[in-house]
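Have the viewer open while you go through them.

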Amino acid sequence: MAIPSWWKRWWGFLRPGIRERVLFEDALKLLHDRQSEGLSANIEDFASSLGVSRQKAERIIRRLEQMGLLVRSTPDGIQATEEGRRVALRIVRIHRLWERYLAEETGLPAHDWHRRAHELEHLTTDEDLEFLERNLGFPQYDPHGDPIPSAEGSVPPLRGDRIERAQPGETLIVSHLEDEPQASYAELLSHGLAVGIPIRLNRVGEHEVRLESQGQTVEITRQAAENLWVRRAELRPDQRAMLDGRTLASLRIGEWGVVRGISPRVRGLQRTRLLDLGFVPGSRITPEFCSPSGYPIAFRVRGTLIALRRDQAGLIFVEPPDGGSHAART
Amino acid sequence: MNTSTCGTCPQSRAARVTRLGIDMQGCQYVVALAGNPNTGKSTVFNALTGLHQHTGNWPGKTVARAEGAFAYQDRRFKLVDLPGTYSLMATSIDEEVARDFLLFGQPDVTVIVVDASRLERNLNLVLQVLEITDQAVLCLNLMDEARRRGIEVDTDTLAADLGIPVVPTAARFGKGIPELIRTVHDVATGAIACHPNRVGGQTPGLQRAVQTISHRLKEVFPHLSNADWVSLRLLDGDSRVAEAVRRAEFRETRDGGTLPSTTALPETSSPHEAPISKPPRHQLEAILEEANKLRWEVGLDFHEVLVEGVYAEAARIASRAVHARRQASAEDWDRRLDRILTSRVLGYPIMVGLFLLVIWLTVQGANYPSALLSTLLVDHIYPFLRNAAESVGVPPWIRGPIIDGGYLAMAWVVSVMFPPMAIFFPLFTLLEDFGYLPRVAFNLDRLFRWAGAHGKQALTMTMGFGCNAAGVVACRVIDSPRERLLAIITNNFSLCNGRWPTQVLLATIFLGAIAPAYLAGTVATLGVISVALLGVFITFLVSWSLSRTVLRGEVSTFHLELPPYRPPRLLQTLYTSLIDRTLIVLWRAVVFAFPAGIVIWLVSNIHIGNHSLAEHVIRALDPLGIAVGLNGVILLAYIIAIPANEIVIPTVLMLTVLMTPMPGVGAEAGVLFEPEDMATTTSILTQGGWTTLTAACLMLFSLLHNPCSTTIYTIYKETGSWKWTTLSVLLPVALGFLVCFLVASGARAILPSL
Ligand SMILES: Nc1nc2c(ncn2[C@@H]2O[C@H](COP(=O)(O)OP(=O)(O)O)[C@@H](O)[C@H]2O)c(=O)[nH]1
Ligand SMILES: [Mg+2]
């Protein structure tokens, strides 16, 4: 019997040297992040972002310098070398692949992806990495819309732009949700925003941004808006239905609606599954009866009764029989 | 085609069907049964092979593939029953079995079984299957039901539209089966040629991408018959198909003929017999890379567009072939019944009522046959065997363990286990056939959701009341790995049939005794039912805590198909489940109880110093046992009875007598015995220091302890992980000790005399 992999992971954690490695890799990643934004980093940045003392940060930088992974021209101008950039990119790559995996293949909620991926990234071997990428079908973007560097080190372009740059009244598609700082990310999640969700920008105020999403008007703080990237788009019919926000959950027993699309928040196997069951665009669906406790509800789909829970029913967008009351349009 | 293996046997010359059961020797053709869940595949399988594969009116009844054979006109056919699948794109564990077989097993004929009353939905899968195979037959099953619902299907139009032969059947009543066999034969031999309809509906960009990949695949695998489909799957990022390409796993068949299709079926999980010359790896990798590159060019939502296209095509074909005559009354009837069985007021009471009824029938009904079997096996056959052995001169050290140990344990298991099982399972099967189980899951989903579990856990939990190992296997119907683990780990809290007798016996002796005589039976039954309900409660509680600790994660999607109600077949059900249960009980008796009996005999007869091994162990276990309201005897009995829970009680009795010898009771050391009447049992146990508290704690412990060995092994097989297996073993034991300790301490605090 082979040693189970979870054991190896923990063993890896306990092994001396792993903690060091985590710090080294995180330091290089920080440097890479800063550089890709055109910023530089100093010792304080390292100390605060790694959660270590100034002295320790100093020591880490010195070691990395000795290893030829970064160079220090001025005290503030720390730069990664070509080799350092490569190591950092590998970690970024692993991190984003893990996030993609967690989003697609596990039931882990969105606010846990980052943390879990961060735990896993330093313990991932090259074989794990290859396996992961292959199983996910070589994705290009992580679930937040961040590009995943390829094995050769090329990085696909980041799509879209910050929401403040868009014009009020425009219809947009969320293209990227920055997951740090966490508070901002959590705020965006709490409004049901995700990559691929269509929105309409109403107003960019001094303190808040107001937009329409899934049939509701939501207000997010300017700070959270920093984390929200969008791209301009003509909406397809499914996206228009999503913007209107009528879902299966809003149908009353005996009413019917025609499916227009499934929310991008439903991913991976679960998405395929709903499609296979007949929740495809064009299907006419009627809620027939509900469980004694209210939910789930049994829907008649293409001749068969299929029960869904409320939250799922709320992710399948429909057009009501009257041809779509565009209630959300102002 | 080589027919010599079969040409010699007489019956094969006749143009008639021979059901060969599991005799699969010399089959020339492999026939697969595919289809949506609950369309009657297993019923068709049974009709063709004469086997008794389980059927049941809920999607997910068959979770592994089953094989059988039949012969027709000099030809032998191997038939493979696959789990139902909604499509070939998603992959839950049970569906993967079906999908892999269709993809890589390359059957000679695929029989697609569809529900005639839901043709449109079923056509979704049919069209997908037709993408990967040319040789297919559509079995339009459940025709009787369709007719009852006023639905008529124009089979000629359907056959023309699909490009494959269509055979209407009502498998349950054997209607249409001969025609089905003939058609399968004709397709297999090439007498009927199929020209399946392939769905177009792809965007020009996608078409170009498919052609590019397909072209490159054909360079490497010149005989690949479904290159377009494989390309499409590669573009869709299907890792299972990509893996098959990487390993050059495609069997080249038929026209290529590199491998005769009569060879044994390949294992789905391992690489197959390598084709004669394996293409170089880098060439294969290059194809995959190309597909990965093109995937991002054709756009990510093409999967949705594809599914939509297939459904649109299905709707088009169905609208041409199906004529609904009128709004059928059967539909109304179903709807009315559903409204009652899931109603706010009656839903739960009906559910609990049925649960109680099944348990009551099982407990009450088992008494008489149990006593009968025991008289036969213990009072008559046992002395006979013993005397026979003695007169032939078998030495005691052989006679002891085999007859006094092994045989008696076996006899106990048969007499105590068989009757309740033979009552419970048919009752359960009737409910299952009727279609009630999915409604239970529907009603209970809210609770399971609260516990962070999957609503289908209600199905596996109910199965667990019959047998935990079966319940654990049934967990395959749950898609999400996290929730499947929850269901597997908690299945043991469903009080299985093996533990009912223990509960009933203890409840009758100790709980019944504290009530006035006319209420004794009721009190005892209520005691047993409370323990069973406590198990359900603990299932929820443990699921809840696990899903907040080691198995954290979001509640995944839940979908549950509610099948139409179908009148159950009484006689057939009784017959099959009786045969089935008999076999299982006998098998368990031989494999588990017999060796356990030998162990019991040995521990009570091997002496170290003045005491037997058993006495030493019991003395050592006593302090722990008494602290949790039990005693050393019970703990030892549980250790010995790990293989088979059902021998706990006889072991306890035997060991108690061993520890406190009573004149005239019991036989010699290590001889399992069944006391003549309740009074003897009672006196043995009270002599052994038993109180109502001991009995209550034992009832609790019998609910909360490690699963039996079969279940443990099944859990390991299903999870493939020692970690989860260990957790599922230790968690209930720990809970058992905790609960018993609390109950014992509480009771002793109130009544110090205990
Ligand atoms: N009325 C009717 N019921 C059928 C027929 N074939 C199968 N059934 C029932 O349909 C249910 C599902 O059958 P099963 O063979 O388990 O389906 P599977 O899931 O496709 O293997 C069972 O309750 C069968 O008794 C049929 O031709 N007519
Ligand atoms: Mg089946």
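Which N or O atom lies 2.7 Å from an oxygen atom of ligand 1? It sits in the side chain of Arg566(B). Keep in mind that this is a predicted model; my points follow.

1. The ligand first. Beyond that arginine, an oxygen atom of ligand 1 has a polar side-chain atom of Asn141(B) at 3.2 Å, and a polar backbone atom of Arg172(B) is 3.4 Å from an oxygen atom of ligand 1. On its own, ligand 1 would expose 580 Å², and the protein buries 98% of that.

2. Who surrounds it? There are 20 residues around ligand 1, and those that come nearest are Lys41(B), Ser42(B), Thr43(B), Asp144(B) and Arg566(B). In terms of secondary structure, helix H2 of chain B (residues 41–49) gives the most to this shell, namely 3 residues.

3. Now strand E2 of chain B, residues 29–35. Is this strand buried or exposed? Buried: 7 of its 7 residues count as such, so the rest of the structure largely encloses it. Tyr29(B), Val31(B), Leu33(B) and Gly35(B) point one way, Val30(B), Ala32(B) and Ala34(B) point the other way, and all of them are buried.

4. For chain B as a whole, I'd note 29 helices and 12 strands. Of its 754 residues, 58% are buried. Among contacts between residues at least 6 apart in sequence, 76% join residues at least 24 apart. The chain exposes about 29600 Å², with carbon and sulfur atoms supplying 63% of that area.

5. Over to chain A, where an open sheet of 6 strands runs in the order E3-E8-E4-E5-E6-E7, with antiparallel pairing. Why do E3 (161–162) and E7 (216–221) of chain A each have one side without a neighbour in the sheet? They stand at the edges, and each has a single partner strand. Within the sheet, E4 (residues 171–177) and E5 (residues 198–204) of chain A pair over 3 bridges in the antiparallel sense, with Thr171(A) standing opposite Arg200(A).

6. Helix H10 of chain A (residues 237–244) lies across E4, E5 and strand E6 (208–213) of chain A, running at about 50° to E5(A).

7. The sheet I'd look at with both chains displayed is another open one of 6 strands, in the order E13(A)-E9(A)-E10(A)-E11(A)-E12(A)-E10(B), again with antiparallel pairing. On average, neighbouring strands here are turned by 45° against each other, direction ignored. H10(A) packs on this sheet, touching E9 and E13 of chain A, and its direction makes about 100° with that of E9(A).

8. E9 (residues 257–262) and E10 (residues 284–290) of chain A pair in the antiparallel sense over 2 bridges, and Val258(A) stands opposite Arg284(A). Helix H11 of chain A (residues 268–276) lies across E9, E12 (304–308) and E13 of chain A together with E10 of chain B, at about 155° to E9(A).

9. Last, His303(B), which belongs to helix H12 of chain B (residues 302–321). Its relative accessible area is 10%, so it counts as buried, the limit being under 20%. Which residues does His303(B) contact, leaving aside neighbours within four places in sequence? They are Thr272(A), Leu275(A), Met89(B) and Asp236(B). Val413(B), by contrast, is 110 residues away from His303(B) in sequence and 55 Å away in space, C-alpha to C-alpha.

Methods
Residues numbered from 1 in each chain as written. Chains lettered and ligands numbered in written order. Predicted model: local features only at pLDDT ≥ 70, side-chain atom pairs only at ≥ 80, totals over all residues. Heavy atoms only, no water. Pairing = 2+ DSSP bridges. Helix = DSSP H or I, 4+ residues; strand = E, 2+ residues; numbered from the N terminus. Contact = heavy atoms within 4.5 Å. Axes fitted to C-alpha atoms, helices over the stretch in contact; angles between N-to-C directions. Buried < 20%, exposed > 50% of the residue type's maximum accessible area, 1.4 Å probe, protein only. Areas by Shrake-Rupley, 256 points an atom, 1.4 Å probe, with all protein chains shown as cover. Near = heavy atom within 4 Å. Polar contact = N/O pair within 3.5 Å; in protein donor to acceptor, adjacent residues only side chain to side chain.
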